[in-house]
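Please look over the sequence and the structure first.

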Amino acid sequence: MQNKSYPIENDKALIVLKNYHFYPHISRIIVLLFLLVFFWGCSTQNNTWLNRNYHTISAKYNGFWNARESFNHGVEQLSKAHEDNYEQILSIFRYGDEQQARSIQGNMDVAYEKASIVIRRHSMNIRGVEYNKWIDESYFLIARSHFFKRDYNLAILTFEYIIRQYDTDRAYESKVWIAKAYNKQGRYNNALQMLEVARADYRDGKLSDEGERLYQLAFADYHIRQENYMDAVPFLERGIKKTRSRRERSRLTFIKAQLYHHSEDYARAQQTYSRVLRMNPTFDMAFQARINMAMAFDPATGNSEDIRSGLKSMLRDDKNRDYRDQIYYALAELSRREGNTSQAIDYYKQSTAVSDGNNTQKGLSYLRLGEIYFERPQYLQASKYYDSTITFLPQNFENYSEISRKQTILSDLARNIKIIEREDSLQHLASLSSAERNAIVDQVIAKIREEEQRKREEERQRMQTAQQMARSRRPGGDDRGGGWYFYNPSAISFGQTEFYARFGERPREDLWRISNKQTVSFDFDDGEWDDPDSLDEDGSPLDRNRYLRNIPTTSEMMAQSNDRIAQAYYDKGMIFKDRLNNYPNAIESLKSLVSRFPETERKLYSYYFLYNLNKEIGNHSEAQNFKNRLINEFPDSDFAKILGDPDYIENLRKREEYANRLYSEAYNAFFSENYDLVKQHSKKVDTMDISPDLRSRFSYLKALSVGKTGSRQQFRHELENILIDFEGFPVHERATDLLASLDNNRLFHEQEDDVEEVIADAEYEEFVSVFSFEEESAHFFVFVVDVLNIEPAQLRSFINEFNKDSFPDRELSLSNIFLDERRQITTITNFSDKEKGMEYYNAIMESDRIGGFDPEALKGFVISVENYPIFYQERNLDEYLEFFRIKYLKK
């Protein structure tokens with residue numbers, strides 16, 4: 001039926017629709033069909049063209065795109081923040097340091113969350129086959145986000161999951177990333193195993209171009225980290241060929257030159273540095289290439305004058321003004337390699353003098369000076385330069401921990417050397433007449449006055465120069481204009497330069513100008529007196545009595561002085577023996593001790609060490625001499641027994657093993673109610689030389705047996721003996737409690753409790769599991785979450801707020817990984833040991849908000865770093881919870 005009142009319109013279809021009464025019905029049918037098709041396409045369990053394309057497009061252009069953008073932005077930030085340290089071999093990958101990695105955790109968390117949503121909503125895993133190609137990409141993104149957060153264990157577990165589940169490019173590349181993670185952890189055997197697996201994929205052509213590039217560079221990194229530099233070169237060369245970025249190619253080529261340099265292949269090192277200069281590198285890299293070309297010079301194959309002339313020419317170039325410290329350092333290295341140590345020292349000192357802002361270079365120059373003086377050996381000078389080294393070198397410097405350890409050793413050694421020199425100087429003064437002592441002290445005071453006068457004159461000249469320079473900076477030479485000092489950049493820059501010129505670089509601390517006011521130093525017989533603790537804080541450095549009071553003019557003071565010298569000789573010998581492995585110097589120190597102080601209480605130990613040290617260096621006649629002296633002078637000592645009876649130690653060990661076996665038998669006999677056997681074994685060990693701890697346990701076990709079979713008085717007597725003989729041992733507290741129970745007529749009850757405790761301990765020790773109990777290992781806290789009943793985002797929010805409120809000072813990291821399709825692992829790291837982990841466990845499990853989550857869907861526990869991969873591999877939550885209950889909760 002037509003309605004003729006409608007005008008004719010261009011859109012004929014619309015006219016037709018408007019002229020039918022059933023138009024609303026057709027609209028509803030179309031919308032309904034559209035919704036049916038839409039919801040049918042949303043299903044992840046229907047393998048149809050519509051379903052596959054819907055989930056593929058949704059995954060790629062929604063969640064995955066956002067995840068990848070956040071990830072790439074974080075990686076780009078990290079690469080820009082990375083600072084190359086040219087004093088070391090550059091790292092293959094520009095992944096920054098720990099602090100820089102923390103700065104991109106937000107990007108990695110977003111990448112993880114978005115990729116996780118893609119997996120939950122769009123995974124089409126139907127009968128073990130994944131039909132959405134963006135799911136493995138999402139897992140790969142999650143794994144790499146863990147890697148860049150430096151959660152390497154979680155990264156490895158996720159990469160392993162990809163390898164098991166998928167046969168794609170990402171699975172092959174995951175093997176390379178696992179090797180990279182092992183490299184970062186220093187687990188080189190594991191890294192090599194994975195690289196060998198990846199090698200097979202490389203030979204079969206399964207790796208993409210990017211995967212092949214990463215494989216070659218990861219293998220090069222594996223060798224470089226173990227200082228196998230020449231083994232790394234072939235892999236690095238192939239990695240360079242696969243690298244597209246021109247800047248990255250020049251950087252990797254520079255690393256290749258460094259590998260030749262550190263391998264002392266100086267000819268190829270110079271050639272490769274020269275190649276870097278032709279690749280249009282950055283200014284810093286070009287400068288370092290020129291410096292390193294000079295430092296790679298081989299004195300045996302050429303003339304150094306051209307190189308030295310080139311370096312001095314660089315010194316005269318104003319654009320290299322900020323790099324003079326490095327140029328002087330290169331000159332010093334050149335002189336040192338030519339054997340001109342004195343000239344090298346001068347150049348190193350010039351390097352430290354002109355260094356302004358480059359603390360690493362200044363610290364490195366101080367380190368070289370310390371090494372030279374250590375080799376000479378001049379330990380006092382070496383100690384001073386190592387002190388300066390630690391002040392300026394950053395803590396991430398290569399071998400910093402070893403350098404710091406050596407600085408500590410030298411500091412301790414220098415302290416003992418100074419004590420000996422100081423006390424010898426004071427004793428020398430004590431041997432002089434009063435007039436002679438006063439004359440020497442007056443000379444010292446006169447030197448102090450001259451030094452103070454010189455410093456005042458220098459201060460006056462500096463101030464005058466500063467005023468003249470300040471006026472010259474102002475228009476017309478007057479004092480007006482420029483604004484307030486702290487708003488004037490020129491004035492600030494000038495003041496900063498003047499401060500450094502006058503006082504040098506100093507840590508920011510209160511009262512820095514007077515922090516060493518109490519230190520007084522002056523020489524006696526070429527020795528240094530430097531003992532601020534012995535000086536009166538209120539005394540004047542110009543007061544004669546301040547120095548005279550430390551001179552040992554009485555027999556009591558002389559005895560104290562001798563004891564300080566003897567202790568210093570002994571400590572110095574121990575430092576040489578145990579910490580520097582310098583046996584000749586250790587022998588010299590200990591021989592000086594026993595010869596100067598034959599009545600010292602340290603003679604026994606000194607004889608024993610002198611015997612072993614001489615034996616160690618092959619001086620058998622001297623070793624025999626000290627052996628005889630020890631046996632003759634200390635015949636009843638353990639050392640004499642050890643030296644007199646070669647089997648003494650072995651016999652001692654056998655006695656201890658026999659005693660332990662007796663204790664085990666007595667322990668089992670007690671639970672079998674064979675109390676007579678307990679008493680018999682206790683009687684046997686009474687005459688044996690065993691450890692006090694084992695003897696205390698025997699006595700306690702015997703007392704319990706007497707309590708079971710003897711009278712109340714006999715039991716009391718045994719317990720009282722324990723209190724007398726074993727104070728400080730664990731059994732002391734238990735014996736105290738049992739004695740108290742006798743007075744309250746609770747003997748039987750207390751004994752039963754005690755036995756139950758022993759039985760509980762036995763069950764604890766006998767529990768067997770695939771997991772190991774390592775109390776001292778690093779631990780993680782873990783939540784296993786049922787994501788169908790608990791929203792992971794809500795749990796993460798709760799954990800972050802809890803950490804912020806309850807553990808604000810700890811840098812706790814939160815990561816997530818799938819345990820299976822339904823359960824997710826939320827991991828909080830790191831805790832240094834079991835105790836710290838349990839402290840966190842107790843706090844979070846007792847928090848008020850934890851009650852808002854379904855306890856059946858949320859399981860929390862603590863796990864060691866060794867057990868974590870076993871748990872993830874086995875995926876047996878109940879088994880680990882049982883292990884956790886017995887070993888950690890002890891329930």
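## Basis of the report

This is a predicted model, in which local features need pLDDT of at least 70 and side-chain atom pairs count only at pLDDT 80 or more, while totals for chains, interfaces and linings use all residues. Residues are numbered from 1 along each chain as its sequence is written, and side-chain values use heavy atoms, with hydrogens and water left out.

## The chain as a whole

The chain holds 38 helices and eight strands; these are DSSP runs numbered from the N terminus, with helices (H or I) of at least four residues and strands (E) of at least two. Of its 891 residues, 43% count as buried, where buried means under 20% relative accessible area, exposed over 50% and partly exposed in between, with a 1.4 Å probe and protein chains only.

Among contacts (heavy atoms within 4.5 Å) with a separation of 6 or more, 62% are between residues 24 or more positions apart.

Just after helix 8, Gly186 has a positive phi of about 80 degrees.

In helix 38 (residues 877–889), the buried residues include Leu877, Tyr880, Phe883 and Phe884.

Strand 6 (residues 813–818) is mostly covered, with six of its six residues buried. Ser813, Ser815 and Ile817 point one way, whereas Leu814, Asn816 and Phe818 point the other way.

Strand 6 runs antiparallel to strand 7 (residues 823–831), and six bridges join the two; strands pair if DSSP finds at least two bridges between them. Within this pairing, Leu814 has Ile828 as its bridge partner.

## Aromatic rings

The count of aromatic pairs comes to 52. Rings of Phe, Tyr and Trp (its six-membered ring) pair if their centres lie within 6.5 Å; planes under 30 degrees apart count as stacked, over 60 as edge-to-face and the rest as tilted. Phe93 and Tyr95 are stacked, because their ring centres are 5.3 Å apart and their planes are at 10 degrees. Both Phe93 and Tyr95 are buried. Tyr373 and Tyr385 form another stacked pair, 5.6 Å centre to centre with 15 degrees between the planes. Tyr373 lies in helix 18 (residues 359–375) and Tyr385 in helix 19 (residues 379–392), so this pair ties together parts twelve residues apart in sequence.

Lys180 lies over the face of Phe93, 4.2 Å from the ring centre. A charge sits over a ring if NZ of Lys or CZ of Arg is within 6 Å of the ring centre and within 35 degrees of the ring normal.

## Backbone features in loops

Most residues other than glycine have a negative phi, and most peptide bonds are trans. The peptide bond from Arg376 to Pro377 is cis, with omega near -10 degrees, and Pro377 lies in the loop between helix 18 and helix 19. Glu264 has a positive phi near 65 degrees and counts as exposed at 56% relative accessibility.
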